[in-house]
Amino acid sequence: MSNKIQNNMIVTVHYTGTLPDSGEVFDSSEGREPLKFIVGHQQMIPGFERELMGREVGDKIEFTLLPEDAYGDKEEAAIIKIPRAQFGQLEESTSLEVGFQLVAQLPHGPAPFTVIELDEEHITADFNHALAGKSLTFNVEVVALRTATQSEIMHGHVHESECNDGSSDSKSCDKGGCCS
Ligand code: ZN
């Protein structure tokens, strides 16, 4: 068995993500359980996996990703003007403001967006990922590494953490029969 990171391995990392321009931390596993994921199944942004390939337990690395290797560029098509009437109840119960982050319930599932403009008739919603169009710097420490099981490879996700932490994922995992 290889001890270097490659596809179909379960990698455990501690990480801190910062915005290179401002130094602002946008996400970190510090003070939490480390992040565990299966390599090669599009669970992570593409550049993150690429930078980890071939690394070993104990490696500490820092890298900066361009937007196309992270959450992509901002797309104009993802900025949509919505008539206020469509907000109905929501608008009555909360006073909307620019900068509010809300979740739209669309046929294919929940879609988070940010309110970027308001006028009397319309709400302009930005459905781009909050980190779209941004370069991201990551400091990563490889904590553990093992080969994925056959069922993990088939399901494309890690089983042990999802099945034990009581998250909503554990339910779908149960349905698939992968936790028994
Ligand atoms: Zn599963």
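## A salt bridge with a buried partner

In this predicted model, a salt bridge joins the side chains of glutamate 152 and arginine 146, with an N to O distance of 2.9 Å. Glutamate 152 has a relative accessibility of 2% and therefore counts as buried, since the limit for that class is under 20%. Arginine 146, with a relative accessible area of 24%, is partly exposed.

Side chains of opposite charge can pair when their charged atoms come close.

Because glutamate 56 lies in the loop between α1 (46–52) and β4 (60–65), while lysine 4 lies in the segment before β1 (9–18), the pair ties together parts that are 52 residues apart in sequence. Glutamate 56 is partly exposed at 30% relative accessibility, and lysine 4 is likewise partly exposed, at 37%.

A further salt bridge brings together the side chains of arginine 32 and aspartate 27, at 3.0 Å from N to O. Arginine 32 counts as partly exposed, with 47% relative accessibility, and aspartate 27 falls into the partly exposed class at 30%.

## A network of charges

Salt bridges also link Arg50, Glu51 and Asp69 in a network.

## A negative patch on the surface

Glu117, Asp119, Glu120 and Glu121 gather on the surface in a patch of negative charge. One of these residues, glutamate 120, lies in the loop between β7 (109–118) and β8 (122–126).

## The loop around glycine 99

Glycine 99 is found in the loop between α2 (89–93) and β6 (101–106), and its relative accessibility of 45% places it among residues that count as partly exposed. When residues up to four places away in sequence are not counted, glycine 99 touches Thr114 and Val115.

The C-alpha atom of glycine 99 is separated by 10.0 Å from that of aspartate 126, a residue 27 places away along the chain.

Conventions
Residues are numbered from 1 along each chain as its sequence is written. This is a predicted model: local features need pLDDT of at least 70, side-chain atom pairs count only at pLDDT 80 or more; totals for chains, interfaces and linings use all residues. Side-chain values use heavy atoms; hydrogens and water are left out. Patches are made of residues with over 30% relative accessible area and no salt bridge: like charges are joined within 9 Å, nonpolar side chains (Val, Leu, Ile, Met, Phe, Trp, Tyr) within 5 Å. Accessible areas come from the Shrake-Rupley method with a 1.4 Å probe; for residues, only the protein chains shown count as cover. A salt bridge is a side-chain nitrogen of Lys or Arg within 4 Å of a carboxyl oxygen of Asp or Glu. Lys and Arg count as positive and Asp and Glu as negative; His and the chain ends are not counted. The place of a charge is taken as NZ of Lys, CZ of Arg, CG of Asp or CD of Glu. Helices (H or I, at least four residues) and strands (E, at least two) are DSSP runs, numbered from the N terminus. Buried means under 20% relative accessible area, exposed over 50%, partly exposed in between (1.4 Å probe, protein chains only). Contact means heavy atoms within 4.5 Å.
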